[in-house]
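Below are my notes on the structure, as numbered points.

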Amino acid sequence: MEENIIECKNLTHYYGKRLIYENLNFSVKKGHIMGLLGKNGCGKTTTINILNGFLQPRSGECLIYGESTQNLSPDTKRRLGYLIEGHIQYSFMNIYQIEKFYSGFYKNWNREAYFELMSRMKILPSQKVSSMSCGQRAQVALGLILAQDPDLLILDDFSLGLDPGYRRLFVDHMREYAKAGNKTVFLTSHIIQDMERLIDDVLIMDYNRVLLRGSASEFMEKFHQFTFDLERDDINLKDEALTVEADRIKNHYELYTYASAEEVQATLAAKGLAFSEFKQVKMTLEDAFIGLTGKY
Amino acid sequence: MILHLFYKEWLKTRWFLFFVVLLGLAIVTYIFLDVDNNVRMKGSFNYLMNVFYGIPQANYYHSLIKYVPLLMGVCVGLSQYVPEVIDKRIKLTLHLPMHNTVTLYMMLCFGFLMLLASYAVVFGTFFYLNNLYFPFEESWAVLTSLMPWLLGGVAVYFMIAMISMEPNLFYQFLYGIVAFFLVKQFYIGMEHADTRHIIPALAIMAFVPCTALLYTSYRFIKGER
Amino acid sequence: MTAKVVRIIMVLLTVYIGSIVIPDFYRTSFKRNVKYVTLNYSEVTKQFVIWGLKEGKLLDTLGNEYTRQEYERMVPFSSMAQLMKRGEFPDTVDGVAVTPQLVAANSYRHIVNLTERGRYYAMTPLVHGGTDRVGYIYTNDMMRVNRNGIEFYNCETNSVDTEKSALFDKELCGLGYCPPAKKLYGQSSTGRSRDDGLFFIDSKDQLFQVKYRAYKPVCRKIDLPDGIKLRRVECEPDHPEVVAYLFGDNNGVYVLTVDERILKLDLDVFDYDSFKTFDVMGNLFYHMISIQKDGFEKLYIFDRDYKLVDKYGIHSDVYEKSGAGVAEGFLFPFVTTTFSYVNGYYISTEGQPFVKFIWLNLVLAGVLLWMKRRKGLDVKNVFNVIDVLLVAAFGIFGFVSVLIYPIRK
């Protein structure tokens, strides 16, 4: 059986009286890349904060390498790479200073990995973090994580503020790094594009609840989008048992479901609805995410 | 590891320290230019009579240094903690592979040592020059009146550290009020004041806030908002 | 756990700061003038005259009322200028012929602030008399007393004049002087008609007087009466007969006269630690010594030979007895005051009677308990119990402090 690197049990948290989630359970296995996806405000950063020991949940607990995240030992912290939302780093330092600072804390510090990335990005050692663009900052943060060589990476909304090129660069580097070293990654994002290139497992959250927990590829295999036209434009498909999400523009219907094309067609026929232009649409992860969570 | 942590603190504070020490030295220089001028104009004996027995307000040649320790405490504190508070960078620091308490107290220790070092440079120069112009008794009188002011700088530094770690803006404001009235008590004395009997009380008031970091950092780590 | 203990420490510190700040705000807002009474003594009627007991009126101890003009005629020496302006200055007082010049020559006043405990850095000039110059001259050095004995510090060269120091040391040691001196008193000055030099108390509590005359030290040991140790020497260089007032550790006050006598003043209620002012006024007939503390003044009348003639004590209203002052006792369990003046800086805490403040404390403790319950905090938790106890003990200060530092659920 694969070892669970992260294990969260019965997490419940409130901000004041506002419930964020109740009895949330999930685990991340060694060597897996798990993406926590959800809309803004559904509790992604809350989960990251709990994992990093910057928030005590109202109840439940999270374990990393078997240690409670409320009390991580220095050794466990050393195995853990952490990217703060917005690629925050010490802006008063320059490229050279920041490397010098971090190098003292990690036994396996890989200086070359960091400076190689910096030179590839044409970032000068004397350049200050505060004078960098968001994309450059992301590369500095990535370079530092690569140099640290952690066993577990926790990345909070790494895609924030990155243009598509930088995002792709980040994703590709991360995937290559994680897979080559059998590293475990837990990340959150509210931008789903490019995510299927990266993640193995997915945890999709909506306000107060978990919509999906499992393998990303399995999900993409089982989850479908169908479009068809009906004669009438006043049919409500949302209440059907097989519907996960449905939408309609005039008499053109979109249906997101775990059911097969035959099952959908049978359901329509059973209701006496004549359909035409019935098609299965090929989805990206982003499409599937919207299909699962709705557009708003 | 601790040296690397100190390296980070040094990068944050070095320019502020440099400027505040420079300002302190400039004030000391001005004070002794004035003393030298007075000695030349009035003669040593007459000037010393003025300093010891003149109308007090006219003779406190060292009044200008009263708030220098406070300024030093504020500068070291703000330069050290403001960059950590902006964008909650303190999370990066607390993520370093050390115990949180050790990390926080090493930062505090660095700031305190820097404060002491700045005191040593500025007030060391002051007393060196003071001994050139005045007898020991005058230096002693200045030292006793200076002690509360030096402690005031320490108190303000610890209070800034404590307030910075507090996650809630409203409570930061309340602690700010407490800090104001606490620090005020160190600066009510005049320039020739025998403070020996109250130094223990003031020292307690200055050093007790160094523990407060444990309270606000605990609130931060537990995710209070 | 540690954080919660630290929180309690910070609450206690805030209680202490609160006990300085909150009463200060309270007094700034509510303190009003209280009826303040002062005393004088009439050389004419031989009665004490009381200012301030009745609005716009002066009374004597027999209850007679006087106008301001009548009062001024009763105290011709202290109202001399006013009487002269009105042309009412008498030719004789109590049968003695007086002139303004005679009155002026015999009037003096010396106010000793007993809360000021003198300089703590002892260094003072010693003037030189009996040289070929008229009067006294400064010698460009200052004297200090330390373990080595006496040192004359030359200001120009920034060094000790060892020769002159040794001269004085030798002279004093011959008299039994035992260094180091504990205190150095007096301000030897060229601006006065008489120079009494300096006084100091040595390590064996003996009193010495040192003067510098004709290039030689003039020293004497002053034998103290009643086996006392001195707490203070207050020099009186302007008075023709008095050299200094000596305050003993037996709460006795002695007058050291120019003819080297030491006379004990009969000040029956004097206590060096509780009285704040020692006010000496003199005129042609009497020495009048007023000792004052908050809400009380006692005036002693001595004849020219320091024999007690009369005395009278009177109480004034004090802030503590005013409405705001009484209310303060119910509001604050204790009050801390900080104050500073030349050479001094004090912090002192004074408690109030327990029976007064405990009621408000208990009410506030109850309010805190109710607030904690409402917030859903476990009121049986030891730290919440400590909070309530802190409020019960420190009242309003505890209540404010506990609320400033929130406790986690």
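1. Q280(A) sits in strand β14 of chain A, which covers residues 275-281. This is a predicted model, and the remarks here and below should be read as remarks on its coordinates. Leaving out residues up to four places away in sequence, Q280(A) touches H224(A), Q225(A) and F226(A). With H224(A) there is also a side-chain polar contact, at 3.1 Å. R175(A) lies elsewhere: 105 residues separate it from Q280(A) along the chain, and the two C-alpha atoms are 30 Å apart.

2. Two backbone details in chain C deserve a look. P179(C) and P180(C) are joined by a cis peptide bond, with omega at about 0°. P180(C) belongs to the loop that runs between α5 (162-174) and β13 (183-185) of chain C. The other detail is K46(C), a residue other than glycine with a positive phi, near 60°. K46(C) is likewise placed in a loop, between β1 (38-41) and β2 (48-54) of chain C. For context, most residues other than glycine have a negative phi, and most peptide bonds are trans.

3. On the makeup of chain B: its secondary structure amounts to ten helices and one strand. Read from the N terminus, the order is α-α-α-α-α-α-α-α-β-α-α. Taken along the principal axes, the C-alpha atoms of chain B fill a box of roughly 65 × 30 × 25 Å.

4. Next, the interface of chain C and chain B. Chain C brings 45 residues to the contact and chain B brings 52 residues. About 4400 Å² is buried between the two chains, and carbon and sulfur atoms account for 69% of that area. How many residue pairs are in polar contact between chain C and chain B, with both residues at pLDDT 80 or more? The count is six.

5. On the side of chain C that touches chain B, the elements giving two or more residues are α1 (2-30), β8 (124-125), β10 (141-146), β25 (334-341), β26 (343-351) and α8 (382-404) of chain C. The most comes from α1(C), which gives 13 residues. By class, this side of chain C holds 29 nonpolar, ten polar and six charged residues.

6. The rule finds one salt bridge between chain C and chain B, while the count over all chains comes to 46. Side chains of opposite charge can pair when their charged atoms come close.

7. Within chain C, R27(C) forms a salt bridge with E328(C), and the closest N and O atoms are 2.6 Å apart.

8. The largest cavity holds about 130 Å³ of space. Its lining has 13 residues, and those closest to its centre are Y82(A), Q89(A), Y102(A), I145(A) and Q148(A). Two elements of chain A give two or more residues to the lining, β6 (80-83) and α5 (134-148). The largest share, four residues, is from α5(A). By class, the lining of the largest cavity has ten nonpolar residues, three polar and no charged.

Definitions and conventions
Residues numbered from 1 in each chain as written. Chains lettered and ligands numbered in written order. Predicted model: local features only at pLDDT ≥ 70, side-chain atom pairs only at ≥ 80, totals over all residues. Heavy atoms only, no water. Contact = heavy atoms within 4.5 Å. Buried area = accessible area lost by both parts, 1.4 Å probe. Salt bridge = Lys/Arg side-chain N within 4 Å of Asp/Glu carboxyl O. Polar contact = N/O pair within 3.5 Å; in protein donor to acceptor, adjacent residues only side chain to side chain. Nonpolar A, V, L, I, M, F, W, Y, C, P; charged D, E, K, R; others polar. 1 Å grid on protein atoms, 1.4 Å probe; cavity = no way out; pocket = protein on both sides within 12 Å on 5 of 7 lines; lining within 4 Å. Points joined across faces, edges and corners; volume = space filled by probe spheres on them.
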